[in-house]
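Here is a quick tour of how the parts of this protein meet, first inside a chain and then between chains. Have the structure open as you read.

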Protein chains: 4
Amino acid sequence: MVRAQLLLHCPDKPGIIAQVTNFITVNKGNIVYLDQYVDHVENIFFMRIEWELDGFLIPKEKIEDYFQTLYAQKYDMSFRLYFTDYKPRMAVFVSKMSHCLYDLLARYTAGEWEVEIPLIVSNHEDLRHVAERFDIPFYCFPITKENKAEQEAKEMELLREKGVNFIVLARYMQVISEQMIESYPNRIINIHHSFLPAFVGAKPYHAAYARGVKIIGATSHYVTTELDAGPIIEQDVVRITHKDTVNDLISKGKDLEKIVLSRAVQKHIERKCLVYKNRTIIFS
Amino acid sequence: MVRAQLLLHCPDKPGIIAQVTNFITVNKGNIVYLDQYVDHVENIFFMRIEWELDGFLIPKEKIEDYFQTLYAQKYDMSFRLYFTDYKPRMAVFVSKMSHCLYDLLARYTAGEWEVEIPLIVSNHEDLRHVAERFDIPFYCFPITKENKAEQEAKEMELLREKGVNFIVLARYMQVISEQMIESYPNRIINIHHSFLPAFVGAKPYHAAYARGVKIIGATSHYVTTELDAGPIIEQDVVRITHKDTVNDLISKGKDLEKIVLSRAVQKHIERKCLVYKNRTIIFS
Amino acid sequence: MVRAQLLLHCPDKPGIIAQVTNFITVNKGNIVYLDQYVDHVENIFFMRIEWELDGFLIPKEKIEDYFQTLYAQKYDMSFRLYFTDYKPRMAVFVSKMSHCLYDLLARYTAGEWEVEIPLIVSNHEDLRHVAERFDIPFYCFPITKENKAEQEAKEMELLREKGVNFIVLARYMQVISEQMIESYPNRIINIHHSFLPAFVGAKPYHAAYARGVKIIGATSHYVTTELDAGPIIEQDVVRITHKDTVNDLISKGKDLEKIVLSRAVQKHIERKCLVYKNRTIIFS
Amino acid sequence: MVRAQLLLHCPDKPGIIAQVTNFITVNKGNIVYLDQYVDHVENIFFMRIEWELDGFLIPKEKIEDYFQTLYAQKYDMSFRLYFTDYKPRMAVFVSKMSHCLYDLLARYTAGEWEVEIPLIVSNHEDLRHVAERFDIPFYCFPITKENKAEQEAKEMELLREKGVNFIVLARYMQVISEQMIESYPNRIINIHHSFLPAFVGAKPYHAAYARGVKIIGATSHYVTTELDAGPIIEQDVVRITHKDTVNDLISKGKDLEKIVLSRAVQKHIERKCLVYKNRTIIFS
């Protein structure tokens, strides 16, 4: 049964929950999910609400318009409306390491996620064989300082052609240009191999070893134009000891990276992430 | 500013959230907290809602009556209503080990919790000095097979006299009688030193050692008449290795026990636990 | 450079470390790893020691004999000797769920482990396509009550033919017969989807949901003839809430299962597990 | 039974373990603990070894001299020798928050640690009542910019008088001067309320909230002259969500801080920490 999913935020005022739930209920929608949160610092109200469209009195294609007219204006709301019969299209960018890619493709192939993966993009040929194992088109755009702008332009064109909605950087070892980031605002998901904000930038495991930390982490975040500083979706950590070499950290970190990235991607696919002022609200 | 806290559950039907939030809003209550959950297996709706009483049109002492008449009957609701200007009264039962008691009293003395501790009860004299350090009356009821019923009767009388609302068993090494449990339904909080349901009963660390587990845990739960089988409020675990002796498990476990118990007590004090069919809903 | 790996245990006595390290050192072996542990309950000494064979005065093929004669007899030792130029051969048994299989094969294909996987065995056809994606021979032995003994006999013959050293049950949903277990003592690794000893047997996520636990776990252990009671190699847990349905537990549990199983397999491949009286010593 | 504890490090060479264990064994010492580690990056060998002195042929007061002569010179070793019949003396420095102090004193009073606490030092009067509850002398040295050097000089004199071996900063909100740090090299233990190196300096919970992290942490480290940059002894983390306010972080963080600090203090008391080039080796 198709469901509508509404994510919204607006200045907090009394009565919003009552109004929105009432709107759905009187129009014979059955609410199957509601999660809300008030940021009392910024005084902003956030909500995610989901209801079954079977028997809903407002036609699917008019819901957005009605909601805009009746509530969004009144409460100065930002909102996004989704339907569960639409599968978002996700591009995966990789370089040479396969662990995150395998984890994404294993879930995809097993049918765990409501998503399409129309292509894999890389700056190296190394993982073409993985894409081929899973019968997904693989495009290689080798990148040098000289050709970067040109190659990214080609990538962007390809993404448009393939109808890509969001991008997952599965240990893609290139900095994404501002232009691409702005074309996919809060729709490029990266995995960084440290518990941010510790160890921003290159070689975080080497830095973690040098600093002598007792835990290492991984962080999945939306990409913004400031390096490794975008809104954090998910983090996790694992305990290490003085016995762990840099290679041990890399090896233990791989398991973290793939699980943390996949959890973040899942939250995104389920439309459970909302970004506000560089922080994420992750609905339950 | 005084707030009302309403916890309720009832068979799930469309419109409940809208009705309840509307009831509060039209009567000029400012909702500052709402968390709800639908158990789709049992088809039960659960909600915790909190609003400021300043300016609320219904007098504090009549809210319960109004809510009962207007909504509880209609939706076949069970509900409990609390006010934040009332501090619940908590008795602590201990035996010989001090770590949980110290943790509770340190928080209490630092003013972290909205609670009163009018007494500490024990079956041994060992921890009287701790009670004295914190200036809390200490009552010792030595218990033998022969005098158990009699001593518990005296304890119950003392608890009534002191106006105790709920009991915390802080490593109290006696099984509580059915009669006492039934006098405090879902109001006796125990800490069991294993990740239940593993290692029910006596000497769980010895059992954990013998089984060769790689993690140990602690579980805080409401006491029911079936031993170590009541609704779980909070659990946590810590990693161990083959090098840990039984004494190491006991030592590492102590930290778990005290933190897990205190987290559970805090949730109870904040009225964020609701029990339904031997499972807890822990509101956010 | 080839290294020797020696795992041993014996009744604890003064001087064993000195003797064994001296034996290696005077024969010009360079010790690159030593981990030892004394079980003071059983009074047993355990050690894992690793040294480079380059320049070692005793020929590789005679080390076992020398060590047996000079030390094992004297100290009543059990020991196993391995060399790093030998890759063990591992069979993977699966049923219908792919997550653990993909995780094993992704690591294998990426060259993370010093192991060969000459075959995958299943009682169902469902995962043949996964085996084919990774170019690994797949053998299907459908099992019924009637043909179980016969099919297992064929499996055992196939394992012998393929020179299999150890077996990984990657969510293989059949109980292994005593005969097969005894042919591979402490060499069949299972993943059970609970934090054992809680929720032994079938449907542990359903049982965990019913019990209302706040954490779920996964346990990898060597298979013994008592169901889910073999020596534990690795466990891990993840936090859940009352909001998680049984399906959520299954989904969150999958990530645990695959990581816990792969960690256990890695420890086994690295010869870092030693079993003594149903407990594992996991060397660092 | 009194035991000797030897911690050492030196350039790695073949034969060191054999020589040292042999030295103890031939002199009739019974080794009850051995943990060693080789840093293959720096090529340094580290060892902690513990043996019973009962029947040991070398008199207790001459062991250091013998070991220096026979081995330390030969292998260019740094070593420290301790005996278990000596209790180190620990000063606790606090400001206004009591949670870490209570945790330390509860363990101390329960006899969990082989340590003496001859005094508590503070720059405020707030926690005098806690010291008094536990009958420990409390000294208040109010600190201003003007009197800082003078007050610290008085503190140092008091510490010398009381025979203090090491200092625990239990949320002491003053930067320690270089002079005091140099008087207690790797013997001042601090608790910082973040997972270092993230959020160095003041108000880390505010910074963590602003960055929108999904985990917060606490770090215990030896104090060096560079702020929050000393060798890390222990860290731990706890998961948070967007719902947690700065006050929630502070509250959840308190539990982390006290446990992490107490674990670090325990490792120090047990002489299981060795510092090398700003990293700690934490023996098992």
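## Two domains in chain A

In this predicted model, the C-alpha centres of domain 1 and domain 2 of chain A sit 32 Å apart. Domain 1 of chain A covers 3-83, and domain 2 of chain A covers 89-282. Where they touch, domain 1 of chain A puts in 13 residues and domain 2 of chain A puts in nine.

Together, domain 1 and domain 2 of chain A bury about 1,000 Å² between them, with carbon and sulfur atoms giving 59% of that area.

## What joins the domains

If you want to find a salt bridge on screen, look for the side chains of Glu42(A) and Lys277(A), with N to O at 3.1 Å. As for polar contacts, the count between domain 1 and domain 2 of chain A is five residue pairs, both residues at pLDDT 80 or more.

The largest share is from β1(A), which brings four residues. Sorted by class, that side of domain 1 of chain A has eight nonpolar, two polar and three charged residues.

## Where chain D meets chain A

Now for the contact between chains: chain D and chain A give 35 residues each. The area buried between chain D and chain A is about 3,000 Å², and carbon and sulfur atoms make up 52% of it. In chain D, the residues that lose the most area to chain A are Arg211(D), His242(D) and Arg279(D), which together account for 25% of what that side buries.

## Charges and polar pairs between the chains

How many salt bridges are there between chain D and chain A? The count is six. Lys243(D) forms a salt bridge with Asp35(A), and their closest N and O atoms are 3.7 Å apart. There are also 24 residue pairs in polar contact between chain D and chain A, again with both residues at pLDDT 80 or more.

Which elements of chain D each supply at least two residues to the side that touches chain A? They are β2 (30-39), α7 (204-211), β11 (232-239) and β13 (279-282) of chain D. β11(D) gives the most, with seven residues. By class, the side of chain D that touches chain A has 17 nonpolar, seven polar and 11 charged residues.

Note on methods. Residues are numbered from 1 along each chain as its sequence is written. Chains are lettered from A and ligands numbered from 1 in the order in which they are written. This is a predicted model: local features need pLDDT of at least 70, side-chain atom pairs count only at pLDDT 80 or more; totals for chains, interfaces and linings use all residues. Side-chain values use heavy atoms; hydrogens and water are left out. Contact means heavy atoms within 4.5 Å. Buried area is the accessible area (1.4 Å probe) that two parts lose on being put together, summed over both. A salt bridge is a side-chain nitrogen of Lys or Arg within 4 Å of a carboxyl oxygen of Asp or Glu. A polar contact is a pair of N or O atoms within 3.5 Å; within protein, one must be able to donate a hydrogen and the other to accept it, and residues adjacent in sequence count only if both atoms are side-chain atoms. Ala, Val, Leu, Ile, Met, Phe, Trp, Tyr, Cys and Pro count as nonpolar, Asp, Glu, Lys and Arg as charged, and the others, Gly among them, as polar. Domain bounds come from an automatic or database domain assignment.
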